[in-house]
Amino acid sequence: MKAVTIVGAGPAGLAAAAVLDAHDVPVLLVDEQPRPGGQIFRQPPASFPGAEAAYTAGYGWGRDLVTVPERPGIAFAGSTTALGVLHERVDEGGHGLVAGPAGPRTGPDRLSVVLRGPDGVRSYETAALLVATGAYDMPVPMPGWTLPGVVMAGAAQAMVKSQKMVPPGPIVLSGAHPLLLVAADQLVRSGAEISELVLTRGLPGPREAWAALPAVPGHVAMLAELGASVARLLRAGVRIRTRSTVVGATGADRVQAVQIDRLDPHGQPAGRPRTVDAATLVLGYGFQPSTELARQARCRLHHDAMAGGWVVDHDGTGRTTAPGVYVAGEPTGVAGAEASRAEGVLAALSIVADLGGAVSARQWRDARRGVRAAARFSRVVQELFQVPPALLDALATEETVVCRCELVSAGKLQSTLDRNPQMSTVSAVKLECRAGMGPCQGRYCEASVSRALCAARGRRPDQAGYAAAHLPIKPVPVSDLATLTTDPDAPASGGVR
């Protein structure tokens, strides 16, 4: 039996791998990091003393989850990148007819995933593909955001979790997501010098607190830990500012100071910034689903601003519009680790059923109940910590670089739109001014381009569309692609590390 390939060894991928293994379905689990866990359970290198992830309140289940790849039926391919998906149409005798990007298709075919690991680039035939690729920090262009010393909240956490390092202080953190509180607490406990934590919103009012009550059951320990984080920050002398934001960073060859401004009732900077010395600026405005692999596999997407932007369509149990391709976790909408784990279980059951395995009514019922319970909590978080839309459009100046790969400024982007009134899609803008054509393929500028286009044309994000993803979806040397070989069998456990 061909293995099922899971791309992403975070909560969704690990939970799915556990279910598939329990049903005797072989698994190839792929992740770009050398050890499983994803961002939330990121583990230090095995050679580090005490090389274990930290498990905060409410996430103790992660300790067992990260051991899933040790099972004999699961081959873990760490330090390996998924470059894309291919299908090969076959005739009745099983002979290949044509190979190309995966997508809607009829008739028999072979589904393969192209991986780049320590042993080079290979294509592995797979029984099914589960896209569990997580999310990444939402970029928010502002003056000085390309200076050395400006990092996203996820990067700051990665330094602490996987390398036991802290960025130089004084540190200012700014953003809208509750993860910023967690990141700040982790930095302080690791010895970092934090001078200020700046949040775009204030404390929840009575109406918001009442609306959030359905999310409390099952999450008391997690909420208590968040309150304890705030208390520890205050004891450490960290100033917490609400209804404010960093509007820019300045410095000669790295960050030396940041400008902080209050937000007016409309969520825009009031125009009276103050300057604070800083060696590091940590930004945490939320997350965007990582959908590049799903796009290249020709899965249908739709836009959901509250869920992080473009998310993958599915039938409610993980089946996408591309046959043989499934999805779980943040690519369906940013909802947190608990929701990702629940979706991973449900998607795995769908794969088992589609491969002819037996799934009991109780298993389906329990899996769906888990997804619904996690969704209640994630919806409250999404509603409470949305970034004010007016703020995202107000921070960049004409000189601010929007596309870091191709050095396209906000002014150049606007000029392109002014000169081409017929331009109405993100892809058209990409072709004209190169925003989104660099190594990141638009991951860090697509949302900014879309907002500018929608503002100029009076369109919605779903009308503006998104940039297509092509194989390879991540940068790779041409010399590596030239060595692409096809291996009909997934590597044995430990064969790709």
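Predicted model: local features only at pLDDT ≥ 70, side-chain atom pairs only at ≥ 80, totals over all residues.
**Entry 1: cavities**

I then looked up the second largest cavity, which has a volume of about 50 Å³. Which residues line the second largest cavity? I listed Val-426, Lys-430, Ala-435, Gly-436, Gly-442, Cys-445, Glu-446, Val-449 and Ala-467. A reminder to myself: rolling a probe the size of a water molecule over the atoms shows where empty space is left.

Next I turned to an open space. The second largest pocket has a volume of about 380 Å³. I noted that 20 residues line the second largest pocket. Which of them are the closest to its centre? They are His-314, Thr-332, Ala-335, Glu-343 and Ala-375. I also asked which helices take part. Helices α8 and α9 (361–384) each supply at least two residues of the lining. Helix α9 gives the most to this lining, with five residues.

**Entry 2: helix α8**

I read off residues 337–354 for α8, which makes 18 residues. From its first C-alpha to its last, α8 reaches 26 Å. That is close to the 26 Å expected at 1.5 Å a residue. Is α8 largely enclosed or largely exposed? I found 13 of its 18 residues buried, so α8 is largely enclosed by the rest of the structure. Beyond the helix, I stopped at Gly-356, which follows α8 and has a positive phi near 95°.

**Entry 3: a five-stranded sheet**

I traced an open sheet of five strands with parallel pairing. What is the order of its strands? I read β10-β17-β11-β12-β13. The edge strands are β10 (150–152) and β13 (239–241), and each pairs on one side only. From one strand to the next, the twist averages 20°.

I then zoomed in on one pair. Strand β11 (residues 171–175) and strand β17 (residues 280–284) run parallel and share five bridges. In this pair I found Gly-175 opposite Gly-284 of β17. Strands of a sheet pair through backbone hydrogen bonds, either parallel or antiparallel.

Then I checked the helices on this sheet. Helix α3 (residues 153–163) packs on the sheet and touches β10 and β17. The direction of α3 makes about 85° with that of β10. Helix α4 (residues 179–189) lies across β11, β12 (194–199) and β17. Helix α4 runs at about 175° to β12.

**Entry 4: Gly-10**

I picked one residue to look up by itself. Where is Gly-10? I located it in the loop between β1 (4–7) and α1 (11–22). Gly-10 has a relative accessible area of 11%, and it is buried. Not counting residues up to four places away in sequence, Gly-10 touches Asp-31, Gly-37 and Gly-38. I also checked Gly-62, 52 residues from Gly-10 along the chain. Their C-alpha atoms are separated by 9.5 Å.

**Entry 5: the whole protein**

I closed with totals. The protein has 15 helices and 24 strands. Of its 497 residues, 51% are buried. I also looked at contacts between residues at least 6 apart in sequence, and 66% of these join residues at least 24 apart.

Key:
Residues numbered from 1 in each chain as written. Heavy atoms only, no water. Pairing = 2+ DSSP bridges. Helix = DSSP H or I, 4+ residues; strand = E, 2+ residues; numbered from the N terminus. Axes fitted to C-alpha atoms, helices over the stretch in contact; angles between N-to-C directions. Contact = heavy atoms within 4.5 Å. Expected span 1.5 Å × (residues − 1). Buried < 20%, exposed > 50% of the residue type's maximum accessible area, 1.4 Å probe, protein only. 1 Å grid on protein atoms, 1.4 Å probe; cavity = no way out; pocket = protein on both sides within 12 Å on 5 of 7 lines; lining within 4 Å. Points joined across faces, edges and corners; volume = space filled by probe spheres on them.
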